[in-house]
Amino acid sequence: MIESTMTRAARARLAIGCMVTAGLCCSWSATPVAAEPTLQGIMQGLRDDLAAIVDGMLVEDYGRIARASIAIAAHPPIPASQNALIRQDLGPRMPDFALLDQQVHGQALSMKKAADERNLAGVSNAYQSVLSTCLACHIAFRERLVAVLRPPQ
Ligand code: HEC
């Protein structure tokens with residue numbers, strides 16, 4: 001058995017490796033806490049998905065486009081603590097922010113539909129809409145929200 005031949009150090013390394021693979025927080029405390037994605041982390045995921053779509057369009061890999069479109073439409077929710085800060089900062093403009101997010105979801109689903117139909121022109125149109133909405137939100141809100149969510153130390 002592997003277990004009986006493992007050194008203590010090897011067992012410790014394996015345990016830490018498992019914690020990291022399981023996505024648990026890497027602080028060395030006795031009780032690891034599950035890491036919640038921040039808005040910045042969610043956004044970095046959206047960028048990767050969008051890059052996969054550009055690549056998928058160029059080589060007409062419709063499966064790749066469909067998977068990345070679903071990933072965009074089903075991105076994780078903003079963590080409650082950050083959502084509260086956003087709500088507090090935007091006040092009456094919060095519905096504008098929420099609407100842009102909803103629009104990205106709808107446009108990503110149109111992109112998935114066009115990919116399922118192997119319709120490159122349709123994918124391209126949906127892609128332009130998604131990108132315009134990403135940027136519309138950044139133009140309106142990104143800078144002020146970075147100041148609230150990640151104030152300079
Ligand atoms: C409803 C508003 C909104 C929409 C829609 C939106 N973003 Fe963002 N995005 C933000 C905010 C706010 C930040 C700043 C978050 C931070 O830095 O903590 C951000 C930051 C980013 C960043 C920078 C992350 C970094 O490492 O600093 C990327 C990349 C990004 N968004 C990609 C996208 C993509 C791709 C889309 C569309 C698929 C998108 N965003 C749609 C609000 C939005």
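1. A helix here is a DSSP run of H or I with at least four residues, and helices are numbered from the N terminus. Leu46 sits in helix H3. The model is a predicted one.

2. Leaving aside residues up to four places away in sequence, Leu46 touches Ile72 and His75. Between Leu46 and Ala68 there are 22 residues in sequence and 8.8 Å in space, taken from C-alpha to C-alpha.

3. The ligand is surrounded by 23 residues, and the closest are Gln40, Met43, Cys134, Cys137 and Leu145. Helices H3 (39-59), H6 (94-116) and H7 (120-149) each give at least two residues to this shell. H7 has the largest share, with 10 residues. Sorted by class, the shell holds 15 nonpolar, four polar and four charged residues.

4. Two packed helices are described by the angle between their axes and the distance between the axes. For H6 and H7 the angle is about 165° and the axes are 8 Å apart. H6 is therefore roughly antiparallel to H7, since angles over 145 degrees count as such. The crossing of H6 past H7 is left-handed.

5. Which residues make this contact? From H6 they include Phe97, Leu100, Val104 and Met111, and from H7 they include Val123, Tyr127, Cys134 and Cys137. By class, the residues of the H6 and H7 contact are 16 nonpolar, six polar and one charged.

Methods. Residues are numbered from 1 along each chain as its sequence is written. This is a predicted model: local features need pLDDT of at least 70, side-chain atom pairs count only at pLDDT 80 or more; totals for chains, interfaces and linings use all residues. A residue is near a molecule or strand if its C-beta atom, placed from the backbone, lies within 6 Å of it. Ala, Val, Leu, Ile, Met, Phe, Trp, Tyr, Cys and Pro count as nonpolar, Asp, Glu, Lys and Arg as charged, and the others, Gly among them, as polar. Axes are lines fitted to C-alpha atoms, for helices over the stretch in contact, and angles run from 0 to 180 degrees between N-to-C directions. Angles under 35 degrees count as roughly parallel, over 145 as roughly antiparallel, 65 to 115 as roughly perpendicular and the rest as oblique. A crossing is left-handed if the near helix is turned anticlockwise from the far one by less than a right angle, and right-handed if clockwise. Two residues are in contact if their C-beta atoms, placed from the backbone, lie within 7 Å.
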